[in-house]
Each structure stands twice: as C-alpha cells, then as structure tokens.
Amino acid sequence: MVRNEGYCGVSHGKVILIGEHSVVYDQPALVLPLHDARMSVKLTPRTDSGLFIDCEYFCGPLRHAPDMLSNIRVLVERLMYDFALNHQGFNLTVRSTIPHERGMGSSAAVAVATIRAISKFAGRALNFKEEFEYTQIAENIAHSTASGLDSAAVASDSAVWFQRGTEISTFAFDTSAVLVVADTGITGSTREAVSDVRSLLKSYNPHVSRETWSHIHRLGQLSYECADALRANSIDTLGVCMNEAQRILSQLSVSHPIIEHCISAARVAGAVGAKLTGGGRGGCLLALAQSQSAAQRIDQALIQAGAIRTWQVPLQSKGIQ
C-alpha cells in the first residue's frame, strides 16, 4: 500500500428544495447540493496505533471524544475493521464551512468526508451505494433513525430525487434561475419539529389528523410538480410550488417568525418563491430568483432582514455523468 503524508476526503452541504417532513412518511423529496458549504477530513498516518481527531468540538484521542462524536467514532471503528486497518494509527483533521444544526447535512457531510479519506488511505474505491451505507451507520447514531436523505445528498454533485424505500436517483435540468440560500442564524430543531408533526398525525382529534395527512400528501405531490417545472424550465411554476409548500409547512407549525420575516423580505425584493428548508423552527430558507441580477437584490434584502449569511446556487444539475 502506497503511503503519503495526507489523504483528504471532501464533501459538501445540501438544501431540500421540496419535501421536508413529508419525506419521513415515504413521500418524495428534491435535494440540491450546496457546493460552497464544504467539509474536509484530512487523514495523516501515525507511526503508532493511536487514533486522534481535531475538530471544532474536540481535539484529542478519538476514544475520549464526547458523546456528540460517537457517530464518527463508531464509523471509524467499522471502517478500520472492514479495511483491515486495526493496527494502524492516524490523525483526522476536520474542517467545515457548513453551519451546524441548520438542516444543511453537516453530520452526514463529515461522515462522507471521513469515509473518503479512510478509503483513500486503504486503497479502496467505494461506489455511491457503499458510501451511502457507511454514512447511514453514522447518521443512525446521530439522528436515531435517519431517512437517508442527507447521506445521499451530501455525496452527490447533482440534484437528488429521494424517496425512502426506492432507488435514489439524480436528474438533470438547466435553468437560468438562481436559488438564494439564507441562514437565519437560529439553530433549528429537526427532531423536535418531526416529533410535533407526528403528534399532529396521531392526534385524537380526527379533523387535525386528517388535515395533517392531507398536508403530507400534498407536499409529496408538490415534489413531482417541482421536478416537472425544473425539467420544463418553468420558473414561475416552481415559485408557486415553493410558496404553497411554505404555507403548508407554516400550518404544520414548523416555520419560525424570523423565517417568515425573511421570506416576506425576499418576496418584496422580487423572489418568485420562497420557503424554509430542512426541519424548520429556525435554520435556513430558500428564495427563488429569475436571474443573477435578481438574486443579488434578494440576497441584499435577506441580509438586511437579518440573515447572517447567504449562498447563491445556480439551478442547474448535470445528473449522472
């Protein structure tokens, strides 16, 4: 096995264009890569068998890392066993520009980057399915029962069509529109939001339960409509779908006053559509711009409305190469 001074694994963040919460109930979701939010893990071999990690939360022996890093510890142990690296030591240096707890897939991204760094070191070429399955080991620890959406999205350079229980696929589209992603700076609470939606679905009030199931099914339908709009380069239709999705998510009580304020500012600035992305109760939002110049105006309006950072994402996807 050839050794060098460092082996680097890289991944990126993601945003859900449509399908939040409904994806938990086997409805489809559309997810886009956020390439400008990056995660990197550099592996440097050691001459002993020690395993050390240097990240935002902890620096030291991996076995002494806090519980919040147990997903990475278990993942590393599994990879070392599978790749016959049990007597090898190394340092893992984790660096990220993906905001934590904003629905951008940071936990999945560090898992993917770790897998890629260790597999490079071991001389193993993993396919997408293998990367996905290893990432799910970490994600199921981090999020109890992870849907797999984040695991798929942060490993793909193209848009992902995700529906639990079916084959994950990418697809191609080419538009002149731009998606402005804005971070409210407020920590989201996906687990709490998902739990609250589940409570509505199981409500003893039959009207509440029926209405919530209707919302879930409609969000699933909107995913199909968004996919059709992207392929047809129908940006107005896409904006209508996004706005309807936001109304539904607000009715499901997973929005947030700051998100609503920023969405209003984006629409006043010319956004064709705008909605939260991810679990909600904080986190990030999306605003759809017809052009790059429109995106600049919307971007500025979102910063003025209180967003702490923004990204501009061209609405294009190459699909499988």
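1. Basis. The model is predicted, so local features are given only at pLDDT of at least 70 and side-chain atom pairs only at pLDDT 80 or more, while totals for chains, interfaces and linings use all residues. Residues are numbered from 1 along each chain as its sequence is written, and side-chain values use heavy atoms, with hydrogens and water left out.

2. The four-stranded sheet. An open sheet is formed by 4 strands in the order S9-S10-S8-S11, with antiparallel pairing. Strands S9 (273-277) and S11 (309-318) are at the edges with a single partner strand each, so one side of each has no neighbour in the sheet. From one strand to the next the twist averages 25°. Strands (E, at least two residues) and helices (H or I, at least four) are DSSP runs numbered from the N terminus; two strands pair if DSSP finds at least two bridges between them.

3. S8 with S10. Strand S8 (residues 172-183) and strand S10 (residues 284-289) run antiparallel and are joined by 6 bridges. Leu 179 has Leu 288 in S10 as its bridge partner.

4. Helices on the sheet. Helix H8 (residues 257-268) packs on the sheet and touches S9 and S10, its direction making about 155° with that of S9. Helix H9 (residues 292-304) lies across S8, S10 and S11 and runs at about 150° to S11. Contact here means heavy atoms within 4.5 Å. The angles run from 0 to 180 degrees between N-to-C directions, with axes fitted to C-alpha atoms, for helices over the stretch in contact.

5. Strand S2 and its partners. S2 (29-45) pairs with S1 in the antiparallel sense over 11 bridges, and Ser 11 has Met 39 in S2 as its bridge partner. Strand S5 (residues 90-96) is joined to S2 by 7 bridges, also antiparallel; there Leu 43 stands opposite Leu 92. Strand S6 (residues 160-162) runs antiparallel to S2 with 3 bridges, and Val 31 is partnered by Val 160.

6. The second largest pocket. This pocket holds about 300 Å³ of space. Its lining has 16 residues, with Pro 33, His 35, Asp 157, Pro 314 and Gln 316 nearest the centre. S2 and S11 are the elements that give two or more residues to the lining, and S11 supplies the largest share, 6 residues. By class there are 7 nonpolar, 6 polar and 3 charged residues. A pocket is an open set of points on a 1 Å grid over the protein atoms alone, where a 1.4 Å probe fits, with protein on both sides within 12 Å along at least five of seven lines; lining residues have an atom within 4 Å of a point.

7. Val 23. Val 23 is in the loop between strand S1 (7-18) and S2. Its relative accessibility is 6%, so Val 23 counts as buried (buried is under 20% relative accessible area, exposed over 50%, partly exposed in between, with a 1.4 Å probe and protein chains only). Beyond neighbours within four places in sequence, Val 23 is in contact with Ala 29, Leu 149, Phe 162 and Arg 164.

8. Positive phi. Asp 26 is not a glycine, yet has a positive phi of about 70°. Asp 26 is in the loop between S1 and S2 and is partly exposed at 41% relative accessible area. Ala 84, also not a glycine, has a positive phi of about 55°. Ala 84 sits in the loop between helix H1 (70-82) and S5, and counts as exposed at 64% relative accessibility.

Key: Points joined across faces, edges and corners; volume = space filled by probe spheres on them. Nonpolar A, V, L, I, M, F, W, Y, C, P; charged D, E, K, R; others polar.
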